[in-house]
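Here are some notes for a colleague who is opening this structure for the first time.

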Protein chains: 2
Amino acid sequence: MLRTPEQIISSLPLVVGEKKSKAIQTTQHPLGPLTASEILESSRLIKQEWPSITDVNFKAITLRDPKKAGLAPYLEAERIGQKSSSPARKSFVLCYLRKTDKLHEAIVNLSTSSVESNLRLGQFVHSNSDGSEIIEIEEICLDDERVQADIAKLKLPEGAVAIGDTWIDGSDGVNEGEFSDTRRLYQCFLYLRDPNYAGESDNNHYAMPLTTSHVNDCKEWKIIRIDFLSTGIDNTTKEPSKYKVQPLNEYISEAQTLCTDVKPLKVIHLEGASFRVSNFCEQGQAISRQKWEFKVGFNQREGMVLYDVHYAGRPLFYRPSLPDMAIPNADPRHPFHKKQAFDLGDFGAGIMANNLQLGCDYPGSIHYLSPVLSNDKRASVRNRELVLQSIITVSNYEYILAFQFNQAGEIMYEAHATGILSPQPIDEVIEVPWGTVVHPGVLATHHQHIFSLRVDPMIGGSNNRVDFNPHGIGYTVKETPITTSGGYDLIYDVNRTLKIQNKSVKNPINDKPVAYKIHVPKAANKDSFHFRRAEFADHNIYVTSHQDKKLYAGGKYTNQSRGGTGVRSWAERKDNVLDDNLVVWVQFGINHVPRSEDFPVMPCEIVKLSLKPVNFFEKNPALDEPHSTQSFDGSVLLSAHGGEDLAAKIDGKVKVYCVKETSKL
Amino acid sequence: MLRTPEQIISSLPLVVGEKKSKAIQTTQHPLGPLTASEILESSRLIKQEWPSITDVNFKAITLRDPKKAGLAPYLEAERIGQKSSSPARKSFVLCYLRKTDKLHEAIVNLSTSSVESNLRLGQFVHSNSDGSEIIEIEEICLDDERVQADIAKLKLPEGAVAIGDTWIDGSDGVNEGEFSDTRRLYQCFLYLRDPNYAGESDNNHYAMPLTTSHVNDCKEWKIIRIDFLSTGIDNTTKEPSKYKVQPLNEYISEAQTLCTDVKPLKVIHLEGASFRVSNFCEQGQAISRQKWEFKVGFNQREGMVLYDVHYAGRPLFYRPSLPDMAIPNADPRHPFHKKQAFDLGDFGAGIMANNLQLGCDYPGSIHYLSPVLSNDKRASVRNRELVLQSIITVSNYEYILAFQFNQAGEIMYEAHATGILSPQPIDEVIEVPWGTVVHPGVLATHHQHIFSLRVDPMIGGSNNRVDFNPHGIGYTVKETPITTSGGYDLIYDVNRTLKIQNKSVKNPINDKPVAYKIHVPKAANKDSFHFRRAEFADHNIYVTSHQDKKLYAGGKYTNQSRGGTGVRSWAERKDNVLDDNLVVWVQFGINHVPRSEDFPVMPCEIVKLSLKPVNFFEKNPALDEPHSTQSFDGSVLLSAHGGEDLAAKIDGKVKVYCVKETSKL
């Protein structure tokens, strides 16, 4: 699943401080991401748990969130400018003893400089992947004599370079034979680097998939199985034979005749931005824009996390974040049927193991894109949005994940998926029903991206409820409160929508409980055959009671997971969720049936959900926005720049329509 | 439904030329909107049909589109730079003989300077509304002694001004008693102008609805009925009594304390735009941007119409346009149950009667907003869009209607609805299930906006087919071709989608027919009780064979229509639509359950559908786009402008997320 360290997001955004060997006196905010010193101190304390020669392979060192109930008084005091005692500062540490399958999960109390717990986890539990492991597996594969012998049978053209593409071995729990064990396994697929651009690591090797694949064990670090891949219409496999070099399908710009008729479009805040950013602690930022206020944290699994979201001083959400995403693929044949990536759980949006920046063995560098995003659409009153966006690159895929806040008290969450399909070889001329031939000999299988957004509400304060609102005959609205935790489905054909309400706070205009409604686009097909592991993908909505440690919809550990540890299991507790401290989990997705246009690089697929106030405010809260004027906006008529003015046909004031250019990913 | 002439879109974008009295030698392009001379010539020829003393009230003079089959060779020749003979140039003229119910529909042949047909239309057929009529009705109401007596009973505060708000009288065909006739009727509702801003015509009178309403006949031009409106929980009505002045709820900026913390955001093309606009005739523009090419026409009913859309020289769509929109309201009580506006059919997006600019009796002025829209989001390769947008104001509502074209050969159609709710009075304290109290004494009823987009495809050339693609178990895709015309539904819960294909043109990569797929957001509830008149609202999709005169989903005349003349009726022909010249009609909508936040001005509701190539191109057609660079885009880090740089925590290259501001309506 991962390719080269250069393509891997590999570190928390920490400032590498000088190494301290003693317990530190923390003055950090309870919600602030760990500092470099805190990470070093955590690793030091954990290493002391074992003999000094133990080779500890850290997988994650990240903030252990304080308990919501305990933190509430602290945050309330903070809002009125008072200090109150802060809870103990703790870190969560995940590590292997290297070259073993011994995975440990520890809680370090940084306030007391002590290890509170350090537990070895049971079988079927594996940690997230990391870039150094991926590189090692690909090297083992390509150095293996059996693999080299198979590659030789392909009689590749001179200068051809085979490269590996490693996926976590998805557990299917059935017919696994000798592999139905507890080992941590990776499956490595092989591709050929475009011979014309053999020195270009960014080239599109996905246009040349090879037919052998290898399974590696992460304890012995060796190949334990070689698969020949099915390239026909059924399960039949063949021995490697001469590889047919197909026409190239390259995306790198060196291989294109680039068009030259695009002129720059600039977005400028000449007087600075209208939002303010300040540090609420060393590693955390507080952001405000007009009536919006919230804190931004950052961790290994989720990346960007928001805390304590308020509008006009009124509480809305405690900790919204995107903790999980599943990407099942559709080919039912071994070993393709195990291709289900959890890009956050198996890898991490905040990525990667913190120890890598602290003098350990990992050479990765952060490879984020550096986006500057602005939208400008203009109407009589401008709707301007504050966008908080994160871009993550997970091997062949790239995601843009953004919270968008507008002046009307609305929050949108937008996910963009782009990048390169993860294809496999297919014989020429044939078709299969679970994929599309996107290039000669290249099959892109149908797949889904199922996102799970965790909405941790505090609409008008604590104790919320969730109501469904089906719209029946005559447009009347019937509200059905959800009383116990469980999985629920929006029914799109009857406009069944969802509202989070606070019954104890009423809107003075119409006496209705203050609420936010969630509009969710259609989730991906719930008949996923990866259903069991993707513990959230079967319902649009899960509602559970709030529990501090239950943060990740797919469970804490998704790598080779067998289910039973995620939101579906928690919902089965049948806890009360009526007028209580609850969490709403919203699933939404992209159902991707590949097209030839999706290759070699796919255009962006965008999916967006919204959280909108419903009788929360007494009136439109954006009324105090100044009207838009030409002197303020500085819009330029096309005619002034070489185009032709389509407006002003009768006189200078008449503008019937306009042609504009817009730019977004 | 309409209020004051200042708020009404009132004219085609024509250049008023000098009056010519003779037949003109037309050299216009067959698809060009009528010129001023052509409009004058049409009206002159029609007036000659009657005795010179006849007072002709023109309702529309607009282009009669040439037949598609006849025009195809002309457009093909044009694409290769050749001239071929053009079809006769014709206009469509709609007019009443003033102060009668005699509505006539005429076809004028401008090439021969003759009237080809001039037919009086039958009962139940009424023309679109226009601003002068609306003003006249409101004046009649307010001048009527009975109305003044009723208003006097309200004991309004000194300086209060009552104003009218006129709706077309929707036909329900049942229990109409004495009104089950063929008369053309309008219903006028009354509101009070905010006494604090009595001189401000833009103020929010919708916060003060009055309880009497009047029905006017457009032949006699008099009030034929006075209604007292139900303001309780049932049908009970009361005589007018003292009006309770509620707290104000004003949206005009004079009534707000405006925020001052918003700084300007500018979007600039320093080197000019990347698209080209040229006139293909006097009133029509051809637009090209990179591989996109199309013509833009404009007419009374639809406003902006696209013709002959090509990408990379390949034909895609012949004539996409938005011909209809229905807005049923939910209150089941008389007379509210008749409130169903057809903002295009009853009024016209291209609006209003052309004669108004030609020296006739209407003082309206075009009141379009003058938008300059640009989006800029940035990623490794920029996705820039060409947006062709039209804004229409229909009394209390404002719509932004936009075609968006990107480099990947995709077309999006986006509709925004904003403006002011059309509310009614309600007694204090009570609730009703078909609406929301948005202000004391003000009820906003649930309603829908059901749009109908007409997709006139020529995917890869003529003779297309439409396939449904439900996604079943195991993600396989099953295609089911539609063979006969009819109404069809997307089934969102099984991801049933739609593809327009051309079986005779195959993609060389995978031998699949070239296609475009349509992704449609959930349409509004089809259980509309205005179902019969909104001849398109009951299915997401209608597929019909192409007929040149069948352009408008709701039928040519929606005013007081009783159904039977729109796309549902045409679909019942059960014509062949398999591999034939077909039209796809796509319905999508907004289901609006009002919130207190929607008053006094509602935040924008946005709905968007897309038309994306599926195996139409051999690969992603945007590959030749140059990569995005900082020198080209000129993005500015926040730190340079008074904010704080969130990036660069480890070194200058590390950017984990960014905060940006975006602006759109």
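**Notes on two sites**

1. B:Gln501 is buried, because its relative accessible area of 1% falls under the 20% that marks a buried residue. This, like everything below, is read from a predicted model.

2. The place of B:Gln501 in the chain is strand β28 of chain B, which covers residues 497–506. Its side chain makes a polar contact with the side chain of B:Asp467, at 2.8 Å. B:Asp467 is also among the residues that B:Gln501 contacts once neighbours within four places in sequence are left aside, and the others are B:Asn464, B:Arg465, B:Glu479, B:Pro513, B:Val514 and B:Ala515.

3. Turning to chain A, the strands β5-β6-β7-β8 form, in that order, an open sheet of 4 strands with antiparallel pairing. The edges are held by β5 (161–168) and β8 (222–228) of chain A, each of which has a single partner strand, so one side of each is left without a neighbour in the sheet. On average, and with direction ignored, neighbouring strands of this sheet are turned by 30° against each other.

4. Within that sheet, β5(A) pairs with strand β6 (residues 185–193) of chain A in the antiparallel sense over 8 bridges. Across this pair, A:Thr166 stands opposite A:Cys188 in β6(A).

5. Helix α3 of chain A (residues 131–143) lies across β5, β6, β7 (209–217) and β8 of chain A, and runs at about 130° to β5(A). Helix α4 of chain A (residues 145–153) packs on the sheet as well, touching β5, β6, β7 and β8 of chain A, with a direction that makes about 25° with that of β8(A).

Terms used: Residues numbered from 1 in each chain as written. Chains lettered and ligands numbered in written order. Predicted model: local features only at pLDDT ≥ 70, side-chain atom pairs only at ≥ 80, totals over all residues. Heavy atoms only, no water. Helix = DSSP H or I, 4+ residues; strand = E, 2+ residues; numbered from the N terminus. Buried < 20%, exposed > 50% of the residue type's maximum accessible area, 1.4 Å probe, protein only. Polar contact = N/O pair within 3.5 Å; in protein donor to acceptor, adjacent residues only side chain to side chain. Contact = heavy atoms within 4.5 Å. Pairing = 2+ DSSP bridges. Axes fitted to C-alpha atoms, helices over the stretch in contact; angles between N-to-C directions.
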